[in-house]
Amino acid sequence: MEERFMELIGENQKIIHKVVNLYAEVASDKKDLFQEILYQAWSSFPNFKGNSKFSTWLYRVAMNTAITQIKKRKKNDRTKLIESGYINLRGEDESRKSQIDILYQTINKLSPVDKALVLLYIDNHSYEEMSEILGISVSNVGVKINRIKQFLKKEAGNY
């Protein structure tokens, strides 16, 4: 079981990195969140029945873990919600980096669930997959995505 888990994580670790980079700002927080997601995935792995793709299941575990961590931080008042994003671009010009930084800052204004939808949307997941990962209805996914698009367009006009 351990060998299969490690193989699947190796094939899908980009999912964890995407979620970590979206929900954590500081390197130490990213490392902690990555470890927590791995721990939660390992703890839950015996319950994985294979009814969905492993990547779909891992997205759900990763996002639920990230959202839970944010709620804990907020509840305990130790840190505030992420207000600005960070992206490390090598070889990109400053203008493009600035645009991407603004995009991340805007996305970080969204609720944790809406952030998750943006990530899944960018990764070309179907509404059905997004629904399964986040545990919301397909119609709710559509409504939320339309509202997010409107918000992002409005915010983009402010820059």
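Q: Where do I start? How many helices and strands does the chain have?

A: Start with the secondary structure. In this predicted model, the chain has seven helices and zero strands. Going along the sequence, you read the pattern α-α-α-α-α-α-α.

Q: What share of the residues counts as buried?

A: The chain has 159 residues, and 38% of them count as buried.

Q: Which residues have the most contacts inside the largest nonpolar core?

A: Look for buried nonpolar residues joined through their side chains. Here the largest nonpolar core has 39 residues, and those with the most contacts inside it are Val 19, Tyr 23, Leu 58, Tyr 59, Met 63 and Leu 134. Helices H1, H2, H3, H5, H6 and H7 each supply at least two residues of this core.

Q: Which helix gives the most to this core?

A: That's H3, with 10 residues. Leaving aside residues up to four places away in sequence, Met 63 touches Val 19, Ala 116, Leu 119, Leu 120, Ile 133 and Leu 134.

Q: How do I read the packing of two helices, say H6 and H7? At what angle do they pack?

A: Compare the directions of their axes, then check how far apart those axes are. Helix H6 covers residues 127–134 and helix H7 covers residues 138–156; they pack at an angle of about 105 degrees, and their axes are 8 Å apart. An angle from 65 to 115 degrees counts as roughly perpendicular, so H6 is roughly perpendicular to H7.

Q: Which residues meet there?

A: From H6 you have Tyr 127, Glu 128, Met 130 and Ser 131, and they meet Val 138, Val 141, Gly 142 and Ile 145 of H7. Sorted by type, the residues of this contact are five nonpolar, two polar and one charged.

Q: What about charged side chains? How many salt bridges does the structure hold?

A: Here's the general idea: side chains of opposite charge can pair when their charged atoms come close. This structure holds five salt bridges. One of them joins the side chains of Arg 4 and Glu 7, at 2.8 Å from N to O. Both residues sit in helix H1 (residues 2–23), three residues apart, which is about one turn of the helix.

Q: Are Arg 4 and Glu 7 buried or partly exposed?

A: Relative accessibility tells you: under 20% is buried, over 50% is exposed, and in between is partly exposed. Arg 4 is partly exposed because its value is 41%. Glu 7 is partly exposed too, at 40%.

Q: Which parts of the chain does the salt bridge of Glu 129 and Lys 53 tie together?

A: The side chains of Glu 129 and Lys 53 meet at 3.2 Å, N to O. Glu 129 is in helix H6, while Lys 53 is in the loop between helix H2 (27–44) and helix H3 (54–76), so this pair ties together parts that are 76 residues apart in sequence. Glu 129 has a relative accessible area of 19%, so it counts as buried.

Q: And where do Glu 155 and Lys 109 lie?

A: These two side chains also form a salt bridge, at 2.8 Å from N to O. Glu 155 lies in helix H7 and Lys 109 in the loop between helix H4 (94–107) and helix H5 (112–122); the pair links distant parts of the chain, 46 residues apart. Glu 155 counts as buried, with 10% relative accessibility, whereas Lys 109 is partly exposed at 47%.

Key: Residues are numbered from 1 along each chain as its sequence is written. This is a predicted model: local features need pLDDT of at least 70, side-chain atom pairs count only at pLDDT 80 or more; totals for chains, interfaces and linings use all residues. Side-chain values use heavy atoms; hydrogens and water are left out. Axes are lines fitted to C-alpha atoms, for helices over the stretch in contact, and angles run from 0 to 180 degrees between N-to-C directions. Helices (H or I, at least four residues) and strands (E, at least two) are DSSP runs, numbered from the N terminus. Angles under 35 degrees count as roughly parallel, over 145 as roughly antiparallel, 65 to 115 as roughly perpendicular and the rest as oblique. Contact means heavy atoms within 4.5 Å. Ala, Val, Leu, Ile, Met, Phe, Trp, Tyr, Cys and Pro count as nonpolar, Asp, Glu, Lys and Arg as charged, and the others, Gly among them, as polar. A salt bridge is a side-chain nitrogen of Lys or Arg within 4 Å of a carboxyl oxygen of Asp or Glu. Buried means under 20% relative accessible area, exposed over 50%, partly exposed in between (1.4 Å probe, protein chains only). A nonpolar core is a set of buried Ala, Val, Leu, Ile, Met, Phe, Trp, Tyr and Cys residues joined through side-chain atoms within 4.5 Å.
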